[in-house]
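Here is a friendly briefing to read alongside the structure. Keep the model open as you go, and find each residue as it comes up.

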Amino acid sequence: MPSTDHAPRPGGTGALAGHTVSRVGYGAMQLERLHDDRDAAVALLRRAFDLGVDHVDTAQFYGNGFVNGIIREAVRPGDDVVVVSKVGADPDPGGPIPLRLAQRPEELRASVEDNLRALGLDRIPLVNLRRADRRPGVTAEGDQVVDLDDQLAVLTALRDEGKIGAIGLSSVTLDILRRALPAGIACVQNAYSLVSRDDEDMLALCVAQDIAWVPFFPLGGAFPGLPKVTDEPAVRAAARELGRTPAQIGLAWLLHHAPNVHLIPGTASVDHLEGNVAAGGIVLDGETLAALDAVRSRSMDAALG
């Protein structure tokens with residue numbers, strides 16, 4: 001760790017693409033909110049490292065390269081930080097949303113090269129393929145509907161060339177994961193939280209296969225109509241009992257729920273960063289876990305209509 005050899009490991013440690021990292025990491029997408037204060041963005045990342053965070057999740061389409069540039073500046077020689085990126089979309093700053101799908105094999109290779117240049121790396125430890133065949137998010141149409149085997153072929157080639165260390169999947173179905181297993185999958189990133197547990201079978205498969213489970217939208221509510229973890233009475237009751245915030249309880253539940261869970265909550269606030277990291281130290285007893293486990297899970301597809 002960067003000058004923090006004795007920093008606690010938030011959430012304990014877990015395996016990620018052959019690396020041992022703290023189970024509470026940092027999702028860098030929100031750094032774009034600090035676009036006009038580059039020093040603050042770098043300082044936020046340095047604070048995360050000071051707190052024991054050593055897993056940073058990014059993408060070249062976050063802020064049209066701004067976020068990757070901040071990571072390159074913040075990570076110093078000797079820092080033991082695992083930087084994870086994703087491909088499957090490219091920046092599109094002039095579009096209706098700031099990204100466009102880039103699912104074709106040649107686009108995946110170009111995206112990896114863009115990430116390498118922006119991050120100043122020779123090798124990205126883990127690259128997640130963000131598929132586009134399920135919601136939430138943009139779904140593929142036309143020439144962006146690409147067969148999984150073609151995508152895995154180029155990612156495997158990039159791994160063989162030493163440009164990426166491991167392959168992960170993002171926003172995938174159980175069938176897609178099963179088809180991809182022979183390629184060697186190190187990580188799955190899906191939308192998943194206490195209130196949206198559609199992928200319980202996939203999580204169980206990941207536990208059995210020693211695949212890291214890295215949920216995005218870990219507190220739900222990312223789109224209109226989706227339930228929020230922090231609105232649940234059982235979550236609020238646990239927060240009052242333990243003197244914590246509802247958000248911290250929602251994150252702590254994920255860490256307790258399965259041993260392969262890694263968190264990457266994002267924020268542009270140092271206070272929120274510290275609160276997220278502190279969630280890794282929360283102990284939930286059996287009674288509290290039972291009350292949280294009893295919270296009704298709502299199908300994300302049904303909620304999105």
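The protein chain holds 11 helices and 11 strands. With a radius of gyration of 18 Å, close to the 19 Å that the globule rule gives for 305 residues, the chain is as compact as a globular protein of that length. Please bear in mind that this is a predicted model.

**The chain as a whole**

- Taken along the principal axes, the box filled by the C-alpha atoms of the protein chain is roughly 50 × 45 × 40 Å.
- Of the 305 residues of the protein chain, 53% count as buried.
- If you take the contacts between residues at least 6 apart in sequence, 74% of them join residues at least 24 apart.

**Helix α1 against helix α2**

- Two packed helices are described by the angle between their axes and the distance between the axes.
- For helix α1 (residues 38–50) and helix α2 (residues 66–74), the angle is about 60° and the axes are 9 Å apart.
- Angles of 65 to 115 degrees would count as roughly perpendicular and those under 35 as roughly parallel, so α1 and α2 are oblique to each other.
- The crossing of α1 past α2 is right-handed.
- On the α1 side, the contact is made by R38, A41, V42, L45, R46 and F49, and α2 brings F66, G69, I70, I71, E73 and A74.
- Sorted by class, this contact of α1 with α2 has eight nonpolar residues, one polar residue and three charged ones.

**Helix α1 against helix α9**

- Helix α1 also packs with helix α9 (residues 270–278), at an angle of about 20° and with the axes 10 Å apart.
- Angles under 35 degrees count as roughly parallel, so α1 is roughly parallel to α9.
- Here too the crossing is right-handed, as α1 passes α9.
- The residues in contact are L44, R47 and A48 of α1 together with V270, L273 and E274 of α9.
- By class, the contact of α1 with α9 has four nonpolar and two charged residues, with no polar ones.

- Most residues other than glycine have a negative phi, and most peptide bonds are trans.
- A17 is not a glycine, yet its phi is positive, at about 55°.
- You will find A17 in the loop between β1 (13–16) and β2 (19–22), where its relative accessible area of 22% makes it partly exposed.
- N64 is not a glycine either, and its phi is positive, at about 55°.
- The loop between β4 (55–57) and α2 is the place of N64, and with 46% relative accessibility N64 counts as partly exposed.

**G18, in the loop between β1 and β2**

- G18 lies in the loop between β1 and β2.
- Is G18 buried or exposed? At 82% relative accessibility, G18 counts as exposed.
- How many residues apart in sequence are G18 and P125? They are 107 residues apart in sequence, while their C-alpha atoms are 8.8 Å apart in space.

**R109, in helix α3**

- R109 is found in helix α3 (residues 105–119), and a relative accessible area of 27% makes R109 partly exposed.
- Leaving aside its neighbours within four places in sequence, R109 is in contact with V154, A157, L158, E161 and K163.
- From R109 to R9 there are 100 residues in sequence and 34 Å in space, C-alpha to C-alpha.

**D150, in helix α4**

- Helix α4 (residues 148–160) is the place of D150, which is partly exposed with a relative accessible area of 42%.
- D150 and A41 are 109 residues apart in sequence, and the distance between their C-alpha atoms is 37 Å.
- A41 is one of the α1 residues that make the contact with α2.

**A180, in helix α5**

- A180 lies in helix α5 (residues 174–180).
- Buried means under 20% relative accessible area, and A180, at 0%, therefore counts as buried.
- Which residues does A180 contact, leaving aside its neighbours within four places in sequence? They are L148, L152, L169 and I185.
- The C-alpha atoms of A180 and D143 are separated by 21 Å, and these two residues are 37 residues apart along the chain.

Conventions:
Residues numbered from 1 in each chain as written. Predicted model: local features only at pLDDT ≥ 70, side-chain atom pairs only at ≥ 80, totals over all residues. Heavy atoms only, no water. Axes fitted to C-alpha atoms, helices over the stretch in contact; angles between N-to-C directions. Helix = DSSP H or I, 4+ residues; strand = E, 2+ residues; numbered from the N terminus. Parallel < 35°, antiparallel > 145°, perpendicular 65-115°, else oblique. Left-handed = near helix turned anticlockwise from the far one by under 90°. Contact = heavy atoms within 4.5 Å. Nonpolar A, V, L, I, M, F, W, Y, C, P; charged D, E, K, R; others polar. Buried < 20%, exposed > 50% of the residue type's maximum accessible area, 1.4 Å probe, protein only. Rg over C-alpha atoms; globule rule 2.2 N^0.38 Å.
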